[in-house]
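Here is a short briefing on one protein chain. Look over the sequence and the fold first, then work through the points below.

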Amino acid sequence: MARSYLPIILSTLLLFLPLLTAVEAEPKKFPVVVSTWPFKEAVRAAWRAVDKGSSAVEAVVEGCSACEELRCDGTVGPGGSPNENGETMLDALVMDGVTMEVGAVAAMRYVKDGIKAAWLVMKHSQHTLLAGEGASAFAISMGLPGPMNLSSPESVKKWSDWKEKRCQPNFRKNVVPANDCGPYKPESRDICTESCEVGRIEYRVPLVGPHNHDTISMAVIDKMGHIAVGTSTNGATFKIPGRVGDGPIAGSSAYADNEVGGCGATGDGDIMMRFLPCYQVVESMRQGMKPREAAKDAVSRIARKFPDFVGAVVAVDKNGSHAGACHGWTFQYSVQDPDMDDVQVFTVLP
């Protein structure tokens, strides 16, 4: 008797299975563009590209290029964030979440198009990252304009004012002179004293803030559901020449995996790159965390070790859901998707 009901029960379950699946699945909103900070014009540029059918990678390049041309907050593209020598240098990265290919440039001089140079590394080399003079030479050989001076009257004045203030603040530590311009030498003291106990961290007042290190980190999901990420920055103001921040480091400033989603980061790159926060975000989402949980978890991991750091991440899953988390400052990120008439800015409190 029980066996006679089995086909009916199975048929009923099969009938309602699509409904159950639909309830559990999250709605997909494609295309979608997400960017750190209220860089609305950059998001609009990426949106125009992806909405017309461009790939996620192409749209990321368009968006970050727009920010470079606009010199967003003076911290993206040429003409901003002079180093100790008064020179502007660029870091940039692009990553394809489908193929997991990455192209990046670091400490690049003489070429103003950071994100395009990174894209050329991805398209025309088997390398992931090129740095310094080699990055500049490669970009120019691939057709980008250069060499050119990346400084601006604004950046030169900022550097001159800093020099008049005896090069304070700066990123040096344990050197002499401690409160003046260089040349610098190590402090004459034993290699290890009581201050270098195992596990002890020397904190300094953070030199990174919303208006001297606003990396653009952008994620785009195209109409095919493919995701890509990109970053561009001229780095921390008054950095030591040769410094490379988190901008061109895959997994730190940005990361994408088509099976999961993507992430962008901004803030104190010297601290954040030690934790690969965007890789952590994507892997946490892979394990089942929602974007908000994954973002908070990644930031909290850094804060436990460096409670004075400032930074933020924004996460977007493969369905287009997004969220941010921050520490040490109020963070804003920008979004455009098919449900929006224009770019919307979301504010995240620490």
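In which loop is Pro-177 found? Pro-177 sits in the loop between strand 5 (175–176) and strand 6 (185–186). Keep in mind that this is a predicted model. The briefing starts with the sheet, moves to the helices, and then returns to the loops.

**The sheet**

- The sheet is open and has 8 strands, in the order 4-3-2-8-7-1-13-14. Its pairing is mixed.
- Strands of a sheet pair through backbone hydrogen bonds, either parallel or antiparallel.
- Strand 4 (129–131) and strand 14 (344–348) are at the edges. Each has a single partner strand, so one side of each is left without a neighbour in the sheet.
- From one strand to the next, the twist averages 15°.
- Strand 1 (residues 32–36) and strand 7 (residues 216–221) run antiparallel, joined by 4 bridges. Ser-35 has Met-218 in strand 7 as its bridge partner.

**Helices on the sheet**

- Helix 3 (residues 56–70) packs on the sheet. It touches strand 2 (90–96), strand 7 and strand 8 (227–233). The direction of helix 3 makes about 150° with that of strand 7.
- Helix 5 (residues 132–141) lies across strand 3 (102–108) and strand 4. Helix 5 runs at about 120° to strand 3.

**Helix 3 meets helix 4**

- The axes of helix 3 and helix 4 (residues 114–124) come within 8 Å and cross at roughly 150°. Helix 3 is therefore roughly antiparallel to helix 4.
- Helix 3 brings Val-57, Glu-58, Val-61, Cys-64, Ser-65 and Glu-68 to the contact. Helix 4 brings Gly-114, Ile-115, Lys-116, Trp-119 and Met-122.
- The residues of this contact divide into 6 nonpolar, 2 polar and 3 charged.

**Helix 2**

- Helix 2 (residues 40–51) has 12 residues. From its first C-alpha to its last it reaches 16 Å, close to the 16 Å expected at 1.5 Å a residue.
- Which residues of helix 2 are buried? They are Ala-42, Val-43, Ala-45, Ala-46, Trp-47, Ala-49 and Val-50.
- These buried residues pack against strand 1, helix 3, strand 7 and strand 13 (331–336).
- An α-helix has 3.6 residues a turn, so residues three or four places apart point the same way.
- Gly-53 follows helix 2, and its phi is positive, near 110°.

**A hairpin**

- Strand 9 and strand 10 form a hairpin, with 3 residues between them.
- Strand 9 (residues 254–257) and strand 10 (residues 261–267) run antiparallel, and 4 bridges join them. In strand 10, Gly-262 is the bridge partner of Ala-256.
- Ala-254 and Ala-256 point one way from strand 9, while Tyr-255 and Asp-257 point the other way. All of these are buried.

**Loops and backbone angles**

- The peptide bond between Val-176 and Pro-177 is cis, with omega about 0°.
- Another cis peptide bond runs from Gly-182 to Pro-183, with omega near 10°. Pro-183 also lies in the loop between strand 5 and strand 6.
- Tyr-110 is not a glycine, yet its phi is positive, about 70°. Tyr-110 is placed in the loop between strand 3 and helix 4. Is Tyr-110 buried, exposed or partly exposed? Tyr-110 is partly exposed, with a relative accessible area of 29%.
- Asn-174 is a residue other than glycine with a positive phi, near 55°. Asn-174 lies in the loop between helix 6 (153–164) and strand 5. Asn-174 is partly exposed, with a relative accessible area of 30%.

Notes: Residues numbered from 1 in each chain as written. Predicted model: local features only at pLDDT ≥ 70, side-chain atom pairs only at ≥ 80, totals over all residues. Heavy atoms only, no water. Pairing = 2+ DSSP bridges. Helix = DSSP H or I, 4+ residues; strand = E, 2+ residues; numbered from the N terminus. Axes fitted to C-alpha atoms, helices over the stretch in contact; angles between N-to-C directions. Contact = heavy atoms within 4.5 Å. Parallel < 35°, antiparallel > 145°, perpendicular 65-115°, else oblique. Nonpolar A, V, L, I, M, F, W, Y, C, P; charged D, E, K, R; others polar. Expected span 1.5 Å × (residues − 1). Buried < 20%, exposed > 50% of the residue type's maximum accessible area, 1.4 Å probe, protein only.
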